[in-house]
Amino acid sequence: MRSIILILLLIPLLAIAEQNIATLRANDIAVEPDAPRMGNEENKDIKRKRNYPMQPPTIPHKISGYRIDLNSNKCLSCHSRRQVADSQAPMVSVTHYMDREGNFLAEVSPRRYFCNQCHVPQMEVKPLVENVFQDVDAILDENKKKQ
Amino acid sequence: MLDKIKDLWQTISHPSRYYSLGILIIAGFVAGVIFWGGFNTVLEATNTETFCISCHEMENNVYQELKSTIHYTNRSGVRATCPDCHVPHNWTDKIARKMQASKEVWGKIFKTIDTREKFLAKRRELAEHEWDRLKANDSLECRNCHDFQYMDFTRQGKRAEAAHSTGLAKGEKTCIDCHKGIAHELPDMAGVEGWQ
């Protein structure tokens, strides 16, 4: 009986604790917060290092207003096999011309058609959270030192 | 009927009996101002965005697509309206375009594109008309605002600079060759140069 009373007394304390749960939402649930400012897309046209060999390269230029839909693909108007001689842009990787069994196709495979599912531009903004990603070389170095 | 026409001919083919030459000149001048002014006012009224989007074909399709582009909304608030890009500014060219537009009245009356589906089915053809027109006049409507003479390549991105200082500068290419679909969505681009 005593323990039940104790639990009942603790319930309001739990409710208070709930309000202090860490969340990315700064405002109350019922308040519409101001939208964060939009960052500037980096537009330097300089290739960035990849963090691991299979990483889809990030886009080093602005893509605002570029449409990718059933009718047209603005990215491919520079990066497709036919266009690279004119545009001098890097050609989309050969893996994009394969179906999932590894057979080569004449066109970019439909499953690779929507470029910005994997390739994204970068913004000139302060990261919201610290990035603790470690490059594979850094990990190998660390292991060597341990031995 | 024939008598009436003969009477009218008699009147206009003879010198005026009651009115002095001065009155006739002044009256002619005033009438000219009214007619010409009236004509131009109507012409200008048909040359506004409100007129264009008074047809649902324009308002529901192309106008909605324009809204998200930089030619409609941007940081400095300068915007292009329909006639800025689709009607030449030069008077004779404008009249020629207005005469072509009678086809559009035909289309409105016979409901050529009165549904979204019909519009989409016809979009490639309609887009090609505009591409051909801009190709033929060296993208005149673009150049009414975007004057090559005053382009500062140093303020452009690398890729823009490369394209503008070569093909465009030599006159081998014109704006519309690369800048398709900047104000409206594109049709199926299969087979269009530079789009595959």
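Here are some questions and answers about a predicted model with chains A and B.

User: Happy to start simple: how many helices and strands does chain B have?
Analyst: Going from the N terminus, the elements of chain B read α-α-α-α-α-α-α-α-α-α-α. The tally for chain B is zero strands and 11 helices.

User: Is chain B a compact globule or more spread out?
Analyst: For 196 residues the globule rule gives 16 Å, and the radius of gyration of chain B is 24 Å, well over that. The C-alpha trace of chain B spans about 75 × 40 × 30 Å along its principal axes. Because the radius of gyration is well over the rule's value, chain B is more spread out than a compact globule.

User: What percentage of the residues in chain B are buried?
Analyst: To count as buried, a residue needs 20 or more other C-beta atoms within 10 Å of its own. Among the 196 residues of chain B, the buried share is 10%.

User: Does helix α1 of chain B lie largely in the open or is it buried?
Analyst: Helix α1 of chain B covers residues 2-13, and at 1.5 Å a residue its 12 residues should span 16 Å. The C-alpha atoms at its ends are 16 Å apart, which agrees. Of those 12 residues, the number buried is zero, so α1(B) lies largely in the open.

User: How many residues of chain B are in contact with chain A?
Analyst: On the chain A side, 12 residues take part. The chain B side that touches chain A has three charged, five polar and five nonpolar residues. In chain B, the number of residues in contact with chain A is 13.

User: Where in chain A is Gln88, the residue with a positive phi?
Analyst: Most residues other than glycine have a negative phi. A:Gln88 is not a glycine, yet its phi is positive, about 60 degrees. A:Gln88 has 10 other C-beta atoms within 10 Å, so it is exposed. Its place is the chain A loop between α3 (84-87) and α4 (136-146).

User: And is B:Asp138 buried or exposed?
Analyst: B:Asp138 sits in the loop of chain B between α8 (116-136) and α9 (140-143). Its phi is also worth a look: a positive value near 55 degrees in a residue other than glycine. Inside 10 Å there are 12 C-beta neighbours, and 12 or fewer counts as exposed. So B:Asp138 is exposed.

Terms used:
Residues numbered from 1 in each chain as written. Chains lettered and ligands numbered in written order. Predicted model: local features only at pLDDT ≥ 70, side-chain atom pairs only at ≥ 80, totals over all residues. Contact = placed C-beta atoms within 7 Å. Nonpolar A, V, L, I, M, F, W, Y, C, P; charged D, E, K, R; others polar. Helix = DSSP H or I, 4+ residues; strand = E, 2+ residues; numbered from the N terminus. Expected span 1.5 Å × (residues − 1). Rg over C-alpha atoms; globule rule 2.2 N^0.38 Å.
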